[in-house]
Amino acid sequence: MLKLDGKRILLGVTGGIAAYKAAELVRLLRKSNAQVQVVMTHAATEFITPLTLQTLSGRAVRQDFFDPNDEASIGHIDLARWADLILIAPASADFMARLAHGLANDLLSTLCLATTAPIAVAPAMNQQMWLNPATQANNQQLQARGIKLWGPDAGEQACGEVGPGRMLEPSELLARTAKQFSSQILTGQSVLLTAGPTQEPIDPVRFIGNRSSGKMGFALARALIEAGAKVCLISGPVALTTPAGVTRINVDTAAEMQQKVAEHIDKCHIFIACAAVADYRPQTIATQKIKKNQAEIALTLTRNPDILAEVAARDTPPFTVGFAAETERLTEQAEEKRRLKRVDMIAANLVGAEQGGFEKDENALTVLWEGGSKNLPMARKEKLARSLVATITERYYAEKHPTKDS
Ligand code: PMT
């Protein structure tokens, strides 16, 4: 039998004929030892009574945003924090639209905005409503934000039509819930991650920078969240949306990145340096825009601090992972960096020319550690990030923590 010992599932039930299946879902979740808190929309109560779900879940069903009794027992922000997973089953077209637009006009939508827990939706609606471009656009937006889409199934519908829009069976939703937790191998671990470029100012309008888009680092942040980690992302200037659940700190320069890393390093178990930190910065920053009245000018550059090496040199360093961006002799140069910077692991990638690395959506990595290595072949950065997180996790528990619970 699937085990969800003590996991806290906030089950959102919205209006639709599939709401009756929520009763079976609550029963199965409870049988797997999960704690279940049901939150219903008003429309859902037209299809199934709160009393049924209250009896099965063993907890008072929450419906109203402004309910003085409910607020006295557990406030909506506390409820959003309580959940390990918010599962909306069934999720109506209307609820998905409201979720996609960030509305907070009832308790359930407010909880979804206020939580850092993963959210999964199990759509249930008429097949034309599901196929409608508006619903599909909402669906894509939700997935882009990291919300999991479980279903829908296709088949005969309550309205007599046949097509996609049936809610997944409760047993399938239970299986997905269990899988969600089984893959969360980094639960309870904090990861500090740097990403993107740094920009080193020359004058008020110009800077020295590099081609890092932040895509690799942000994909890693997302994969770490999927693995259950608590993620703090220190990012240089990039045009990317923060993955759901990630705490993001924006910086411009290497010095700012160094300072923010120093502020947060004590709290982390794993440090991953994916940022392309400028190695040098202009020694002086002109206070006014430099005029172009000379044929040549010279810039004197000063070495920036090596943030990664500083972290690895701490008395009690976290498990430390660096990147190496090379244009030639990849493994050899990366191995040298690993030894010089004294990091636990280094992920090397070729950059420049036609290879992956900077800016592209795909990349390949050679991961090196003391006594071992692994090639992660060319793949989209999202997929590659998941493989890298799996490799990091394996080494982290093997080297620093002989068992996950130690
Ligand atoms: O952002 P994308 O467009 O997706 O591109 C991804 C990437 C190519 C930027 C990424 O995969 C990558 O390779 N990041 C590291 C880039 C880099 O600066 O490599 P490096 O070999 O110069 O530095 C080695 C390591 O030291 C890196 O972990 C770097 O973060 C760290 N470092 C470097 C200099 C410095 N002053 N402080 C540092 O912490």
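Among contacts (heavy atoms within 4.5 Å) in the protein chain between residues at least 6 apart in sequence, 66% join residues at least 24 apart. The model is predicted: local features need pLDDT of at least 70, side-chain atom pairs count only at pLDDT 80 or more, and totals for chains, interfaces and linings use all residues. Residues are numbered from 1 along each chain as its sequence is written, and side-chain values use heavy atoms, with hydrogens and water left out.

The protein chain holds 14 helices and 19 strands. These are DSSP runs numbered from the N terminus, with helices being H or I of at least four residues and strands E of at least two. The C-alpha trace spans about 75 × 55 × 45 Å along its principal axes. Of the 406 residues, 47% are buried, meaning under 20% relative accessible area with a 1.4 Å probe, protein chains only. The chain exposes about 19800 Å². Carbon and sulfur atoms supply 51% of that area, which was computed by the Shrake-Rupley method with a 1.4 Å probe.

Helix 1 (residues 21-31) packs against helix 9 (residues 170-182) at an angle of about 40 degrees. Their axes lie 9 Å apart. Axes are lines fitted to C-alpha atoms over the stretch in contact, and angles run from 0 to 180 degrees between N-to-C directions. Helix 1 is therefore oblique to helix 9; angles under 35 degrees count as roughly parallel, over 145 as roughly antiparallel, 65 to 115 as roughly perpendicular and the rest as oblique. From helix 1, K21, E24, L25, L28 and L29 meet P170, S171, L173, L174 and T177 of helix 9.

Note on methods. Buried < 20%, exposed > 50% of the residue type's maximum accessible area, 1.4 Å probe, protein only.
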